[in-house]
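Colleague: I would like to go through the labels given to this model and ask what stands behind each of them.

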Amino acid sequence: MFSASWPGHRDTSFAPVLARSLTWIAARGGGRLVGYVNVAWDGGAHAFVLDTTVHPDERRQGLGVRLVRAAAEEARGAGAQWLHVDHEPHLGAFYARCGFRPTEAGLLAL
């Protein structure tokens, strides 16, 4: 799914990422992974949506929105008060459907 969704993706272990996650949610269909979202957490008020991915064959059917909303519920249940997401401009409408609103943020490339 990641190779089909992310140009230039190289297979790598997600174990280090998942070990630091508050939660992650996956969707399977037809015996394969078709959707995924990860939530990182600062242990306090802030959680962060990362790596939202839906296989190209499964897009535009609401799966991504359902994944992100389920991730938000998990974060809320863990005590997070804010759920953040950084995204490319072309994904703004998708994240708006998930319930996010635009905010100002800063970014420093390391």
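Colleague: Leaving aside neighbours within four places in sequence, which residues is Asn-38 in contact with?

Modeller: This is a predicted model. Beyond those neighbours, Asn-38 is in contact with Val-17, Leu-18, Ser-21, Thr-23, Trp-24, Phe-48, Val-49 and Leu-50. Asn-38 itself has its place in strand S2.

Colleague: Why is Asn-38 called buried?

Modeller: Its relative accessible area is 1%, and buried means under 20%. Asn-38 is therefore buried.

Colleague: What makes the pair Asn-38 and Ser-21 a polar contact?

Modeller: Their side chains are joined at 2.5 Å, and the cut-off is within 3.5 Å for N or O atoms, one able to donate a hydrogen and the other to accept it. The pair is a polar contact.

Colleague: How do you know that S1 and S2 pair?

Modeller: Pairing needs at least two bridges, and eight join S1 to S2. The two strands run antiparallel, with Arg-28 opposite Leu-33 in S2. Their hairpin has two residues between the strands, and Gly-30 there takes a positive phi near 60°.

Colleague: Which residues other than glycine have a positive phi?

Modeller: Asp-51, with phi near 60°, and Arg-60, with phi near 65°, are among them. Asp-51 lies in strand S3, whereas Arg-60 lies in the loop between S3 and H3.

Colleague: How does the span of helix H3 compare with the span expected at 1.5 Å a residue?

Modeller: H3, residues 63-77, has 15 residues and reaches 21 Å from its first C-alpha to its last. The expected span is 21 Å, and the value is close to that. Just after H3, Gly-79 takes a positive phi of about 105°.

Colleague: Which residues of H3 are buried, and what covers them?

Modeller: Leu-63, Gly-64, Val-65, Leu-67, Val-68, Ala-71 and Ala-75 are buried. Their cover includes strands S1, S2, S3 and S4 and helix H4.

Colleague: How much space lies in the largest pocket, and what lines that pocket?

Modeller: About 1,800 Å³ lies in the largest pocket. Of its 48 lining residues, the closest to the centre are Val-85, His-87, Phe-94, Tyr-95 and Phe-100. S3, H3, S4 and H4 each give two or more residues to the lining, and H3 gives the most, with eight.

Methods: Residues are numbered from 1 along each chain as its sequence is written. This is a predicted model: local features need pLDDT of at least 70, side-chain atom pairs count only at pLDDT 80 or more; totals for chains, interfaces and linings use all residues. Side-chain values use heavy atoms; hydrogens and water are left out. Helices (H or I, at least four residues) and strands (E, at least two) are DSSP runs, numbered from the N terminus. The expected span of a helix is 1.5 Å times one less than its number of residues. Buried means under 20% relative accessible area, exposed over 50%, partly exposed in between (1.4 Å probe, protein chains only). Contact means heavy atoms within 4.5 Å. On a 1 Å grid over the protein atoms alone, a cavity is a set of points where a 1.4 Å probe fits but cannot get out, and a pocket is an open set with protein on both sides within 12 Å along at least five of seven lines; lining residues have an atom within 4 Å of a point. Grid points are joined across faces, edges and corners, and a volume is the space filled by probe spheres set on the points.
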